[in-house]
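Please look through the structure below with the sequence at hand. The paragraphs after it go from one region to another.

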Amino acid sequence: MKISINRLKHYITLSESPEEIGALLTRSGLEVEGVEEFVSVPGGLEGVVIGEVLTCEKHPDADKLSVTTVDTGSAVVSIVCGAPNVAKGQKVVVATVGAKLYPSEGEPFEIKKAKIRGQASEGMICAEDEIGLGSSHAGIMVLDTDLPNGTPAAEYFEVETDSILEIGLTPNRADAASHLGVARDLKALLGREINLSEESMLTVEKSGPAISVEVQNAVDCPRYAGVVLTNIKVAPSPQWLQNFLRSLDLEPINNVVDITNFILHDLGQPLHAFDADKISEGKIIVGKLPKGTPFVTLDGKERKLSGEELMISDPKGGMCIAGVFGGDHSGVSDSTTSIFLESAYFSPDVIRKGSQVHGLKTDASFRFERGTDPNMPVYALKKAVALLQEIAGAKVSSEIIDLYPAPVADFEIGVTYGHINRLIGKVIAPAEVKTILESLEIKVINETPEGFTAIAKPYRVDVTREADIIEEVLRIHGFHQVTLSENLRTDFLAEHPVKDPNKLQYRTTEMLAAQGYFELITNSLTKPAYAEKSGYLDPVLNVEIFNKLSEDLGVMRQTLLFSGLEVLAHNINRRQTDLKCFEFGTVYQKTGEGYKEGRRLAIFHSGNRSSESWIETEKPFGFSDIYAAVERILERLNVEVGQVSIQESAPFAYALELKLGEKVLGSIGLVDEKILKLAEVRQEVWFAELDWDLLFKKASGLKKYSEISKFPEVRRDLSLVIDKAVTYDQVKAVAEKAGGKLVQKIGVFDVYQGDKIEAGKKAYALSFHLQDQENTLTDKVIEKTMSKLIQAFQDQVGAIIRS
């Protein structure tokens, strides 16, 4: 949110620098993220002055050039000019040597001494486009002024400079989403009064179109106000208003629209102007329209209404999505001569629905969604009317319509001094507490030695509890004034956060989806034949359905395998053969005591992991692909597998079984052909099923990462010949124990089995990455570590070291 220092000074006296004001606001909770300088004319016309042409003669060597002498106030200089209208005695705009000009088109350039066709030129007599004041290049600017020569051009053209605060407004501070709101905080911080003019009386000057208003639901629209204005002359806004809008990065449109934008940013009250002649039957209806109703917004797009957004309509249809975006038909145009000016207080909930449904974020919806001031609509309306009378020649043609059946009450909050002092951490005198609150327009009543009742106005949507009042006292008193004791303590210790199974599942789903997996959601009911014919599921453990719809849906599933295979078969039969899928689901079993169920995660690979292309040939999925997928899940959940063993039983042709401690986490492998035939799958399937309940129990959140070491890493390689029965996990465990903390990573980059080594043996080529987090490794330490590794491999796994 951008705030103009110049505009703030209309509300409150400020002698502090923009940086000092920014620091004050930041300290009080309105974080100023930066201060920018705004100049209404690029470059501020620095180095450009008013001059007078003393002489003007034709250039001796160029027909279209003139040689002039110009009085710039501080000196008389010679300037070569190519403008056809230059003449003796003219008051002109002169860019002196060293001035940097910002033309309307093209890049900025600096004025330098030069020789043009042999004649010295010390400056430039400017056209309006050359200094960024317009687009004309027909000739130089000739001024009608009595200002002395040397007067800065910025003074003549009334160039405005401003400092703009960029405030990172937090969602709770809706009250500060305006210049008035920021001024209120400065009032409390600086102890100065705000200059807020009284509401002016409106006098109906002439009769205009009769407009009636019907609010169908006062919950959605607690207050609706408006007035009819005629004799409007739509035109560009005056320079001061255009400068104000541009300083906030807004583009001026016309005087009517610009005034509504001015009021929004100045007072925080959005307004909307309807062309009164386009309001059918002179009636405005505030309510909802049926779902699917088409509506064309100001940007020319047709949108289908959801039925949830609040609409401003006439008997023929919608004119505006209330508090969000206007309609194309009813907006102000160059031909508009009469308007109905709306100023309302809408429910934040209903405005947010309209904004979210259509993906429209506007300055008006930003404020309405967070909560505007229900007492502001009429005041803002009168301010806008005064400006429209002054700038657009408007005539007031109706009394103000103000529908406000149930005024929003102030917030009454009981506060005790004991709680203030306890939560802030220091004793603040009751007199200071009262002064702070009253400077924030929060009344203090029913005072006792123990406490008081605070009355907060409804525009303070963030002040509804005692803790909110205490926060207001603290932020104005100053966080920096609360010293921290040597022994910090708290009155309340939060319980350790409980792991959320839904969040953990969502995180895993998100990761798999990002890797190209499709999620399956299948029926928990399945065929009894799967258990009867698979050879590894016990039919006795089936949970049978009493009123089964069919034999194919006769029992609850014991595994996610078969329901997943059915999906794969369906896709493969339709020539979708390259598949990566996963499913979170529940499995069921009958027990001696009743029934049990558990959550499982299943992963399926089938077909090719990369399709044929000019870059590479087809590559079918293999064991390493599905094992890597499981490893990524375990790493994401920060779970380390304790034991891995070979499994050679159904439903796998071969597989690995994973354990966490003594409990089986799951299995990963190639599905046996007999099982595939049961589900009518005609190509290889790699399958993993993990016990999600156990995985959730062991998950310890996101993996923690440490800072990159400042000391270099060293790699050493070893080639071991070991028995085929020795697994890589055994080798890895030996290396981690023998190498200690210096071994950061172990990798296998080659495995060999063949006639060049002894029968029953295999060769591993291993890489060891060594690093010390506190020192640079020396050759002596490296050699000592590698010797330990070699000795451990020889002693514990019978390795022969190949040189």
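Strand E20 and strand E21 (residues 317-321) run antiparallel and are joined by 4 bridges. Helices (H or I, at least four residues) and strands (E, at least two) are DSSP runs, numbered from the N terminus, and two strands pair if DSSP finds at least two bridges between them. This is a predicted model, in which local features need pLDDT of at least 70 and side-chain atom pairs count only at pLDDT 80 or more, while totals for chains, interfaces and linings use all residues. Residues are numbered from 1 along each chain as its sequence is written, and side-chain values use heavy atoms, with hydrogens and water left out.

E20 and E21 form a hairpin, with 2 residues between them. Ile-312 has Cys-320 in E21 as its bridge partner. E20 also pairs with strand E17 (residues 283-287), in the antiparallel sense and over 3 bridges. There, Ile-285 stands opposite Ser-313 of E20. In a regular strand the side chains alternate between the two faces of the sheet. In E20 (residues 311-314), Met-311 and Ser-313 point one way, Ile-312 and Asp-314 point the other way, and all are buried. Buried means under 20% relative accessible area, exposed over 50%, and partly exposed in between (1.4 Å probe, protein chains only).

Is Val-204 buried or partly exposed? Val-204 counts as partly exposed because its relative accessibility is 35%. This residue lies in the loop between helix H4 (179-190) and strand E14 (212-215). Leaving aside neighbours within four places in sequence, Val-204 is in contact (heavy atoms within 4.5 Å) with Val-396, Ser-397, Ser-398 and Glu-399. From Val-204 to Gly-287 there are 83 residues in sequence and 29 Å in space, C-alpha to C-alpha.

Helix H8 spans residues 363-370, and its buried residues are Ala-364, Ser-365, Arg-367, Phe-368 and Glu-369. These buried residues pack against helix H6 (255-267), strand E23 (339-345) and helix H7 (348-358). After H8 comes Gly-371, which has a positive phi near 110 degrees.

Two packed helices are described by the angle between their axes and the distance between the axes. For helix H10 (residues 417-424) and helix H12 (residues 466-477), the axes come within 10 Å and cross at roughly 60 degrees. H10 is therefore oblique to H12. Axes are lines fitted to C-alpha atoms, for helices over the stretch in contact, and angles run from 0 to 180 degrees between N-to-C directions. Angles under 35 degrees count as roughly parallel, over 145 as roughly antiparallel, 65 to 115 as roughly perpendicular and the rest as oblique.

Which residues of H10 and H12 meet? His-419, Ile-420, Leu-423 and Ile-424 come from H10, and Glu-466, Ile-470, Val-473 and Leu-474 from H12. The residues of this contact between H10 and H12 divide into 6 nonpolar, 1 polar and 1 charged. Here Ala, Val, Leu, Ile, Met, Phe, Trp, Tyr, Cys and Pro count as nonpolar, Asp, Glu, Lys and Arg as charged, and the others, Gly among them, as polar.

E37 pairs with strand E38 (residues 652-660) in the antiparallel sense over 5 bridges, and the two form a hairpin with 4 residues between them. Gln-643 has Lys-659 of E38 as its bridge partner, and Gln-647 has Ala-655 of E38.

Another open sheet has 4 strands in the order E42-E43-E41-E44, with antiparallel pairing. Strand E42 (743-752) and strand E44 (800-802) are the edge strands, each pairing on one side only. From one strand to the next, the twist averages 35 degrees. Strand E41 (residues 714-723) and strand E43 (residues 761-770) pair over 10 bridges in the antiparallel sense; Leu-720 has Tyr-764 of E43 as its bridge partner. Helix H19 (residues 728-739) lies across E41, E42 and E43 and runs at about 145 degrees to E42. Helix H20 (residues 779-797) lies across E41, E43 and E44, at about 15 degrees to E41.
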